[in-house]
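Please read them beside the structure.

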Amino acid sequence: MSSTPIPASPPSPVGQLEAVILDYNGVIGRQPTSDMWSSLAVLAGWPAAQTEAFMKAFWGERAAYDAGALSDRAFWKNLIRGEQAAGSEGELIAALRTADIQMWTRTDPAVMEVLRRAHAAGVPMTLLSNAPLPLASALDDTEWCATLMSRTVYSARIGVNKPEGRTYAAALAAAGLPAPGRTLFVDDRADNVEAASRLGMRTLHYTGDVAELASRLPQAAAAPAAFAA
């Protein structure tokens, strides 16, 4: 979720970049629609009118799930209500997991075009995302991720969420240990950006300005044809 914008670090010449580390949701990935949230709530046994309450419960559990501290079964079981709790737990959890993955794997075509051009220009990119194991696997299986990202780092696989310092250390290691001052970190959350800045990384607090994102990355004149998200 986006927060109050913070100033970007002064841009370095794009030719001086050794690596780019990108957040997923809110940068590459689109936010779920209200209809998606309502559908997920109803699937979990909540009345559609209680979608906001469901979302509060969802986010109350999500940090632990993202960090791998809460199992897939435990996360969803804690959210199931009403008659749904009396049904087939395994089938329901599988359906909830699938719906959740579908909510979080829609991408922004304009951002994808910028990243395709950056990839064509030769800039190495690493994905750093707070994501549970099922979503991490789903993202790794997408063609865009396999094509554009040199490496991926997910919170559930390393046991800690951004903005903890260990997440950035893991991403820098995955990127081949580039100099922090020549590494651009892009995220839609101010706290994540501030943490990266304290480690000496170049930063961009992404608030939806695709042109600003493009200005901070090398851009080839032409990019390969689009692929499925």
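1. How many residues does helix α2 have, and how far does helix α2 reach from its first C-alpha to its last? Helix α2 covers residues 51-66, which is 16 residues, and spans 21 Å between those two atoms. That is close to the 22 Å expected at 1.5 Å a residue, where the expected span is 1.5 Å times one less than the number of residues. Helices here are DSSP runs of H or I with at least four residues, strands are runs of E with at least two, and both are numbered from the N terminus.

2. On the source: this is a predicted model, in which local features need pLDDT of at least 70 and side-chain atom pairs count only at pLDDT 80 or more, while totals for chains, interfaces and linings use all residues. Residues are numbered from 1 along each chain as its sequence is written, and side-chain values use heavy atoms, with hydrogens and water left out.

3. Helix α2 has a kink of about 30°, centred on G60. The bend at a residue is the angle between axes fitted to the seven residues ending there and the seven starting there. Just after α2, G68 has a positive phi of about 80°.

4. The buried residues of α2 are T51, F54, F58, R62, Y65 and D66. Buried means under 20% relative accessible area, exposed means over 50%, and partly exposed lies in between (1.4 Å probe, protein chains only). An α-helix has 3.6 residues a turn, so residues three or four places apart point the same way. The cover over the buried residues of α2 includes α1 (34-43), α3 (72-77), α4 (89-104), α6 (133-140) and α8 (155-158).

5. One of the buried residues of α2, R62, forms a salt bridge with D100, with 3.1 Å between the closest N and O atoms. This pair links distant parts of the chain, since D100 sits in helix α4 and R62 in helix α2, 38 residues apart. D100 and R62 are both buried. A salt bridge here is a side-chain nitrogen of Lys or Arg within 4 Å of a carboxyl oxygen of Asp or Glu.

6. R73 and E89 also meet through their side chains in a salt bridge, at 2.7 Å from N to O. R73 belongs to helix α3 and E89 to helix α4, so the pair ties together parts 16 residues apart in sequence. R73 counts as partly exposed because its relative accessible area is 46%; E89 is partly exposed at 27%.

7. D140 and R157 form a salt bridge too, with the closest N and O atoms 2.9 Å apart. D140 is in helix α6 and R157 in helix α8, 17 residues apart, and the pair links distant parts of the chain. D140 is partly exposed at 24% relative accessibility, and R157 is partly exposed at 43%.

8. The structure holds eleven salt bridges. D23, K162 and D187 are linked in a network of them.

9. Is E194 buried, partly exposed or exposed? E194 counts as partly exposed because its relative accessibility is 36%. E194 lies in helix α10, residues 190-198. Its C-alpha is 9.7 Å from that of L204, ten residues away along the chain.

10. For the protein as a whole, there are eleven helices and five strands. Of its 229 residues, 45% count as buried. Among contacts (heavy atoms within 4.5 Å) with a separation of 6 or more, 70% come from residues 24 or more positions apart.
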